[in-house]
Amino acid sequence: MLDAALSFLARGEKEQANEVLDRALRRTRTTIGELRDLSFNLEPVVLRDHGIGMALQALADDRAPAHGIAIEVDAAAAERLGPRTQAALYEIVREALEGSIRRGPPTVFTVRVREANADLEVELYDDAPGERRRRSVEVLQERARTLGAALRVEPSDGGTRMRLVLPGLARGE
């Protein structure tokens with residue numbers, strides 16, 4: 001379509017070029033929207049087949065060598081979560097890790113999930129420089145809210161510590 005628009009422009013047929021460019025732009029926007037929807041609905045096969053602990057470990061095993069990061073994952077307590085909650089939690093951890101890589105990269109990234117009374121507490125820590133972009137934190141907080149959870153982001157010991165508290169009710173689906 002872009003080649004056709006260029007051809008119309010070369011011949012001085014601006015109206016036809018504008019029509020083709022308009023159609024190309026609409027198609028591109030539609031395709032981008034479809035790709036966003038698709039990527040939102042995708043989840044790693046290992047998450048579906050083996051649970052969140054293995055999925056987070058596979059994520060760590062993939063990112064650690066590529067960026068020289070020591071990644072520690074202790075997520076056994078999260079196995080009790082339902083599949084949708086596990087998928088959402090996986091995305092929060094993945095986005096936090098990717099954010100720390102963009103800021104640093106860190107030398108250390110830890111994921112710890114533990115029972116806290118009737119709740120589940122997820123702690124993420126990295127030693128990368130602190131997040132300066134408010135939007136990055138807001139995206140993580142919005143994902144947490146979809147789980148009925150609260151996410152606190154705290155600067156800590158030359159890095160960032162995030163605490164996500166999933167209320168006991170978030171386990172059911």
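Analyst: Helices (H or I, at least four residues) and strands (E, at least two) are DSSP runs, numbered from the N terminus. The model discussed here is predicted.

User: How many helices and strands does the protein chain have, and in what order do the elements run from the N terminus on?

Analyst: There are six helices and five strands in the protein chain. Read from the N terminus, their order is α-α-α-α-β-α-β-β-α-β-β. The radius of gyration is 21 Å, well over the 16 Å that the globule rule gives for 173 residues, so the protein chain is more spread out than a compact globule. The C-alpha trace spans about 70 × 35 × 30 Å along its principal axes.

User: What share of the contacts with a separation of 6 or more comes from residues 24 or more positions apart?

Analyst: Of the contacts with a separation of 6 or more in the protein chain, 60% are made by residues 24 or more positions apart.

User: Which residues have the most contacts inside the largest nonpolar core?

Analyst: In soluble globular proteins, nonpolar side chains tend to be buried together. Here the largest nonpolar core has 36 residues, and L89, F109, V113 and L164 have the most contacts inside it. At least two core residues are supplied by each of α4 (52-67), α5 (83-103), β2 (108-116), β3 (119-126), α6 (134-146) and β5 (159-166). The largest share, nine residues, comes from α5.

User: Which residues is L164 in contact with, leaving aside its neighbours within four places in sequence?

Analyst: With those neighbours set aside, L164 is in contact with L89, I92, L120, E121, V122, A144, A149, A150 and L151.

User: Where is R112 placed, and what does R112 touch, not counting residues up to four places away in sequence?

Analyst: R112 sits in strand β2 and is partly exposed, with a relative accessible area of 28%. Not counting residues up to four places away in sequence, R112 touches E72, D74, E121, V122 and E123. The C-alpha atoms of R112 and E13 are separated by 62 Å, and these residues are 99 residues apart along the chain.

User: How are the C-alpha atoms of D119 and G168 separated, given that they are 49 residues apart along the chain?

Analyst: The separation between the C-alpha atoms of D119 and G168 is 4.5 Å. D119 lies in strand β3, and at 26% relative accessibility D119 counts as partly exposed.

User: Which helix holds P83, and is P83 buried or exposed?

Analyst: P83 lies in helix α5. At 65% relative accessibility, P83 counts as exposed. The C-alpha atoms of P83 and M54, 29 residues apart along the chain, are separated by 13 Å.

Conventions
Residues are numbered from 1 along each chain as its sequence is written. This is a predicted model: local features need pLDDT of at least 70, side-chain atom pairs count only at pLDDT 80 or more; totals for chains, interfaces and linings use all residues. Side-chain values use heavy atoms; hydrogens and water are left out. The radius of gyration is taken over C-alpha atoms; the globule rule is 2.2 Å times the number of residues to the power 0.38. Contact means heavy atoms within 4.5 Å. A nonpolar core is a set of buried Ala, Val, Leu, Ile, Met, Phe, Trp, Tyr and Cys residues joined through side-chain atoms within 4.5 Å. Buried means under 20% relative accessible area, exposed over 50%, partly exposed in between (1.4 Å probe, protein chains only).
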